[in-house]
Amino acid sequence: MGSESLKFSSGRSIGNCRKDAKKYAKEHGVPLNQVLNLVASKNGSAETWARTHERLVQDQHDQSTPPAYIALGAMAASDIQAVIDQHPITLYGYGPSASNVKSMGYQTALAEGQRRLLEAVNDCRKAEHFLQFVTKRKTVNTNFGSYGLKHRVERFLKVQTNPLENTYVANGAFICAALHLGFEMKVYWDSPNVTFNMSSRSLVFEWARLRARYERNWRVADLRTIARYNWLCTHLNIAQASKWD
């Protein structure tokens, strides 16, 4: 399907809307870009013509190429060991907990935290499952800290079609899974939490934004938004519990 045949939420195609805009601009001597932006607005978009066009093309691409889907993740204790051989990751996060350092010394606290992380294979697999829907970007995204992300994993697992009984994921397990999958990490000297090069446009983050914005009142969402949310639920294996009426 070419981009000219893609449709706004109003049901009108880009091609037909563009023809109307060109005709109006020519007849009234108005700059074409202004008319295109107005046409986009009248056909249900809150964005400029250019941004709407880009978004529709991206949606078409996303819906024709769904992500590869794995069940729960396949990390093993040997994968965790490979990560902690390179980084001082513990079950607590980056480095041992301050209370453990105070009570038993840094090296002992680090060894204990890494021992516990090696036992948390299921936590790592839960994080790995979530991270298959997160795409990498060139730079570190400081909007997403590991502690907040581990909570996102827990919320995500609760709405899966076949939800797990125990959705808890440790901060260190999330960090370990991300490093195992090749994400780049930024460390903060005064915190056990880290950030990664994770794109805000990832499917799972888009789903979370739509859910947070419209979950309690889907009446204000247009048909295109609802269709997009349903598509995301299908490809993220999420139970569609929201009411549309």
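1. Basis. The model is predicted, so local features need pLDDT of at least 70 and side-chain atom pairs count only at pLDDT 80 or more, while totals for chains, interfaces and linings use all residues. Residues are numbered from 1 along each chain as its sequence is written, and side-chain values use heavy atoms, with hydrogens and water left out.

2. Main core. A nonpolar core here is a set of buried Ala, Val, Leu, Ile, Met, Phe, Trp, Tyr and Cys residues joined through side-chain atoms within 4.5 Å; buried means under 20% relative accessible area, exposed over 50%, and partly exposed in between (1.4 Å probe, protein chains only). The largest such core has 49 residues, of which Phe 174, Met 198 and Trp 207 touch the most other members. Elements giving two or more residues to this core include helix 4 (77-84), helix 7 (121-131), strand 3 (194-198) and helix 11 (223-235). Helices (H or I, at least four residues) and strands (E, at least two) are DSSP runs, numbered from the N terminus. Helix 9 supplies the largest share, 7 residues.

3. Met 198. Contact means heavy atoms within 4.5 Å. Neighbours within four places in sequence aside, Met 198 is in contact with residues including Leu 131, Phe 144, Leu 149, Phe 174, Ala 178, Phe 183 and Phe 205.

4. Second core. A separate core of 12 residues includes Phe 8, Ile 14, Cys 17 and Val 35.

5. Helix 2. In helix 2 (residues 32-42), the buried residues are Val 35, Leu 36, Val 39 and Ala 40. Viewed down the helix axis, these fall within an arc of 140° (taken from the directions from the axis to the C-beta atoms), so they line one face of helix 2. Just after helix 2, Gly 44 has a positive phi of about 100°.

6. Three strands form an open sheet in the order 1-3-2, with antiparallel pairing; two strands pair if DSSP finds at least two bridges between them. Strand 1 (136-145) and strand 2 (185-187) are at the edges with a single partner strand each, so one side of each has no neighbour in the sheet. Strand 2 and strand 3 pair over 3 bridges, and Met 185 stands opposite Phe 196 in strand 3.

7. Cysteines. There are 0 disulfides in the structure, a disulfide being a pair of cysteine sulfur atoms within 2.5 Å. Cys 176 is in none, and its nearest cysteine sulfur, that of Cys 124, is 4.3 Å away. Cys 176 counts as buried, at 0% relative accessibility. Cys 17 is also buried, at 0%.
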